[in-house]
Amino acid sequence: MKVENSRRSIDVFLRTTVFLTIAISVLVMTAWLTGWSRGQSIFLHGATMKFNTALMFFFTAIALHLSLRKTPATKLLVKILTYSMLLVPVITLFEYIVLPSFSIDQIFIEDTRSKDFPGRMSQGTAISFIIIGLSLLGLEQKKEGLKVVFQYFLMMVGVMSLIVIITFLFGINSDFDFLFIDTVAFHTAVLFFILSISFSLKNPNLGFVGLFFVNNSGTKVIRIVLPIILFVPILISYFITRAFNSGEISASMALGSLIMLFIIFSGVFFIITAVLLNRSARQKDDLGNDLYAVNKELIDTKRALDETSIVAITNPKGIMTYINDKFCEISKYSREELIGKQHNIINSGYHSKQFFADLWKTIAKGNIWVGEIKNKAKDGSYYWVHTSIVPFKNESGKIYQYLSLRQDITAKKLAEELLNSQYVKKLKQKNIELEQFAFIASHDLQEPLRSITGLINLLNHDYGDKFDGNGQKYLEFITQGASRMSSLIKDLLSYSRLGKENLLATIDCNEILEQVKVDLSVNLIESGSTLICDNLPVIKGFEISLRQLFQNLITNAIKFRNEGVKPQITIGFEEITDYWKFSVSDNGIGIAEENKTKIFNIFQRLHSKDQYEGSGIGLANCKKIVELHGGEIWVESEYGNGSTFYFTLLKDPIIIPE
Ligand code: ADP
């Protein structure tokens, strides 16, 4: 039962009680004033509701009505009414105990009908009024314990009045001359019954009535069972008693059918209850399973977040209530140092006050804030985070916490800062000039070289036979020199063109290696090489350059092999924070310690052309390609025992603007 719904039904019940009580009490007072005897007692042979009793009921109804509105004025009125309502039953009880008469019994009317104590309300009625009156005062108290006690007193009034009602229904009221049962009128009992329920309902979560309004299975049983247990046996017995009284059935028939009907009724009733309870238990199980699934999903999502992001939760005042391990790792503070503090503990002072004021303005309105923040770690170092702050609202739309998710973007920011620095700007300018020079030089050198080659060919053709042996040899040298120069110029030109590629692509390195293997297949087969690759990653980069990088390194590994040894080439990789680190190892001739850096310079060779073919541009190209990807290249080698070339590539390379 929804709280709202039960509140509304309680309200309707209380108002109906007020109406009924006023109606019946006014009716009884009129009956006394006019001498209408049925109005005084309902059951002519039963006790009468005294004028004083009716008046007290009237007061009680008004007090109950006023207590529904909780203004200071009505509270005061309720108190006054309750005290005056208590006065009459207290005096009456006193009269009964010490037997004086304070002449309050017949103050308003003269009771000629009652033999004992004319006009005086019965002891049962007086006690019930005292309990009801005290509860009216007690229920307004703050102390829970007191309220619970009154709830149980009210329950006693309810049970007593129910017994009186039942005795009337079965015409056995006059037989019950104990506990004042035969001295209470039928309509008095009815009014006490509904009033005791009404007053209990003013604190629906406490005491006996609390059982009706808590949403548990026990409550469900009580809600279904109690009304039926109360009314069905009464109804069955009422009709059987009537049949017996009118002589339609014998006493044993009455008793037998009563027991039979009761067994059938309770059997059917308990089966229905059991089925209902089983159904609700199943629903509960299903709900439990659903809850488990949702919970698991939540836990998985949290784990995913914790593994990928720096996570913090703050309360509406900006105080951190949760932080994950990554937060501690990057800020270098322990969890204990951060929980309970505000975010300004990691404030770097880099951003303006306005920056944070705008941030707070956005999230306090319930909007998500996304931006980049520079923070300061405990050791004084700075780090940059890409931050998203998400406000969480409760059902009434009030923000109860903020979840902030951050990604470490320090490397990217440093790269950006470096790119914008004066030093890099100058370096870039120098590079551009150098590249232009290399391009013009190589391009312009081609022309005279072509003339020289042409003239050598003419010389060879027209005068070749006029030269003696030496002359012919020199001519041969000149021709070779010219063609070598031509290839050097071509290499220089292609070197200067590296870096013109400006499309960053997503590249599967395994595919690149497959292409390289095809291109070098003749070379690989002839040399009897084996090429082993790890399962390589998918990376971001410039595709043509990266293919050239792998091709150059593998070509060298094949080329610089030990005589009579088949090349074994292995390509590996590992992931380090912001980079991919690759390695290309061979079992070749190796490189002496002193040459490990210079081999990356342009046209640097360690061997003559006769020993190993080449121009010395390959590794210079590799270096330039790796640097274009924000990485480094180096070699580790044992002379004579193979080499391993390592290179790193930024996971997120940036295109350097021209
Ligand atoms: P080239 O291959 O045209 O000589 P590179 O720039 O590719 O030019 O290489 C420069 C020099 O570095 C080579 O001449 C060689 O002496 C040395 N070198 C390169 N790779 C290897 C290797 N895998 N093993 C041994 N030496 C190597």
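Tutor: Let us begin with a polar contact, which is a pair of N or O atoms within 3.5 Å; within protein, one must be able to donate a hydrogen and the other to accept it, and residues adjacent in sequence count only if both atoms are side-chain atoms. Here, a polar atom of the Lys-624 side chain lies 3.1 Å from the backbone oxygen of Tyr-495. The model is a predicted one, in which local features need pLDDT of at least 70 and side-chain atom pairs count only at pLDDT 80 or more, while totals for chains, interfaces and linings use all residues. Residues are numbered from 1 along each chain as its sequence is written, and side-chain values use heavy atoms, with hydrogens and water left out.

Student: Which residues does Lys-624 touch, not counting those up to four places away in sequence?

Tutor: Contact means heavy atoms within 4.5 Å. On that basis Lys-624 touches Glu-435, Tyr-495, Ser-496 and Leu-498.

Student: Is Lys-624 buried or exposed?

Tutor: Buried means under 20% relative accessible area, exposed over 50%, and partly exposed in between (1.4 Å probe, protein chains only). Lys-624 has a relative accessible area of 12%, and is therefore buried. By comparison, Leu-261 has a value of 39%, so Leu-261 is partly exposed.

Student: In which helix is the place of Leu-261?

Tutor: Helices are DSSP runs (H or I, at least four residues), numbered from the N terminus. Leu-261 belongs to helix α10, residues 251–308, and Lys-624 to helix α20, residues 618–628. Leaving aside neighbours within four places in sequence, Leu-261 is in contact with Ile-236 and Ile-240.

Student: How does one describe two helices that pack, such as α4 and α5?

Tutor: Axes are lines fitted to C-alpha atoms, for helices over the stretch in contact, and angles run from 0 to 180 degrees between N-to-C directions. Helix α4 (residues 72–98) and helix α5 (residues 123–138) have axes 9 Å apart, at an angle of about 150 degrees. Angles under 35 degrees count as roughly parallel, over 145 as roughly antiparallel, 65 to 115 as roughly perpendicular and the rest as oblique. The pair α4 and α5 is therefore roughly antiparallel.

Student: What of α6 and α7?

Tutor: The axes of α6 (residues 144–169) and α7 (residues 186–201) come within 8 Å and cross at roughly 150 degrees. These two helices are therefore roughly antiparallel to each other.
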